[in-house]
Amino acid sequence: MRLIYLSPVPWTSFSQRPHELARYFHSCTGCEVLWIDPYPTRFPAFSDLLNPRPDPGGEACNGTVPAWLTVIKPVALPLEPLPFSGAINGLFWGYIESAIDRFSDGSTILGIGKPSTMAMKLLSRRFFLLSFYDAMDDYPAFYRGWSRLAMARREREIVRAVSKIFTSSSALQDRMRHLARDVHLVMNACATDRMPEVAKLRRRKGDEIPVVGYVGTIGHWFDWKLVVALAKSHPAIKFRFIGPIYIRPPALPPNIHLEPSLSHVNALQAMATFDVGLIPFKMNTLTSSVDPIKFYEYRALGLPVVSSAFGEMARRGEGNGVFLIHKDSDMAKVFHQALGSFSTPASMAQFRKDNSWEERFCQAGILAMR
């Protein structure tokens, strides 16, 4: 058995659900994975020139591609919304189809992490033992105009064509159920095997300045207004934001510190120095389908989480170590409660056990797709 996986993110990006899925497949089967990096699936926008993508500081910083993994980087023009884009880009994809033919062994699974014309082309060949779509985001919500319509159409076609559908949030599951019957909720998790040891985690002393931190991408879903309001209302707290910035921030108060991206291992070590984990996302169509991995990483490190009430976070409360906040909240009260919240080593160990990627994928039977 082998896996061909069309990923929504490059292998060299910050380690995410697609990377964990590929590792899980290999650890369970001992078999190889052919990973196909994403290519442009929308028209270029003027904002792409104003906000060039920074180096995310991902897997490439940690070492080489493992021996069981083959990575292919497709060449494609940004024409995907157009009906004839497949014919044009198909001229560049002959080497990919040849690689797939050589890689397939008669019991190959096709995994799709993002709708695309290439995914539809491969599904139409019908020589895969099984196929699945792992919906991790509301992809049409990322786009506008013609690009959004084209992405929504491709997603509907893929949902109807694959053997099984997995979703990372309840909202995505509800949306997919209108298109197919066999839809399985597989929530996100965290890389507990790469977490700092519980016994070595830092605990703030009473006279130390509290640190509130965020690690991850800062895009158009990031609520800068909420962040600035938090920082201004708590000038004695240090706010650290670590990760690539795809939008220009507003004027920031002096207690907000912007820091460059880190590899996943170093990012986890940085999180372990926080006193509170922050997830300040806007509440809109895009974030309504999100189950942030940051929640699992923060809680696995024993951090209380201050978050806006978007997506799956709206379903969590103080019992989960989560303190929800919005622009009209009593921010001083929320932060006082969060800073006074503590996790025991036993509770952290249990959280890690229940929310590892291995446990999540195993419970969902993500490879038992017959």
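1. In this predicted model, helix α1 (residues 17-29) and helix α13 (residues 357-364) have axes that come within 10 Å and cross at roughly 70°. Angles of 65 to 115 degrees count as roughly perpendicular, and α1 and α13 are therefore roughly perpendicular to each other.

2. On the α1 side, the contact is formed by Arg17, Glu20, Leu21 and Tyr24. The α13 side contributes Trp357, Glu358, Phe361 and Cys362. Sorted by class, the contact of α1 with α13 comprises 5 nonpolar and 3 charged residues, with no polar ones.

3. Arg248 itself is found in the loop that runs between β9 (238-242) and β10 (256-259). Its relative accessibility is 65%. Because the threshold for exposed is over 50%, Arg248 counts as exposed.

4. The largest nonpolar core contains 54 residues. Within this core, the residues that touch the most other members are Ile4, Leu6, Leu110, Ile112, Met118, Tyr133 and Ile165. Another core, of 52 residues, lies apart from it and includes Phe222, Val276, Tyr296 and Ala300.

5. Leaving aside residues up to four places away in sequence, Met118 touches Leu6, Ile36, Tyr39, Pro74, Trp93 and Ile96. Leu6, one of these partners of Met118, is likewise among the residues that touch the most other members of the largest nonpolar core.

Conventions: Residues are numbered from 1 along each chain as its sequence is written. This is a predicted model: local features need pLDDT of at least 70, side-chain atom pairs count only at pLDDT 80 or more; totals for chains, interfaces and linings use all residues. Side-chain values use heavy atoms; hydrogens and water are left out. Helices (H or I, at least four residues) and strands (E, at least two) are DSSP runs, numbered from the N terminus. Buried means under 20% relative accessible area, exposed over 50%, partly exposed in between (1.4 Å probe, protein chains only). A nonpolar core is a set of buried Ala, Val, Leu, Ile, Met, Phe, Trp, Tyr and Cys residues joined through side-chain atoms within 4.5 Å. Contact means heavy atoms within 4.5 Å. Axes are lines fitted to C-alpha atoms, for helices over the stretch in contact, and angles run from 0 to 180 degrees between N-to-C directions. Angles under 35 degrees count as roughly parallel, over 145 as roughly antiparallel, 65 to 115 as roughly perpendicular and the rest as oblique. Ala, Val, Leu, Ile, Met, Phe, Trp, Tyr, Cys and Pro count as nonpolar, Asp, Glu, Lys and Arg as charged, and the others, Gly among them, as polar.
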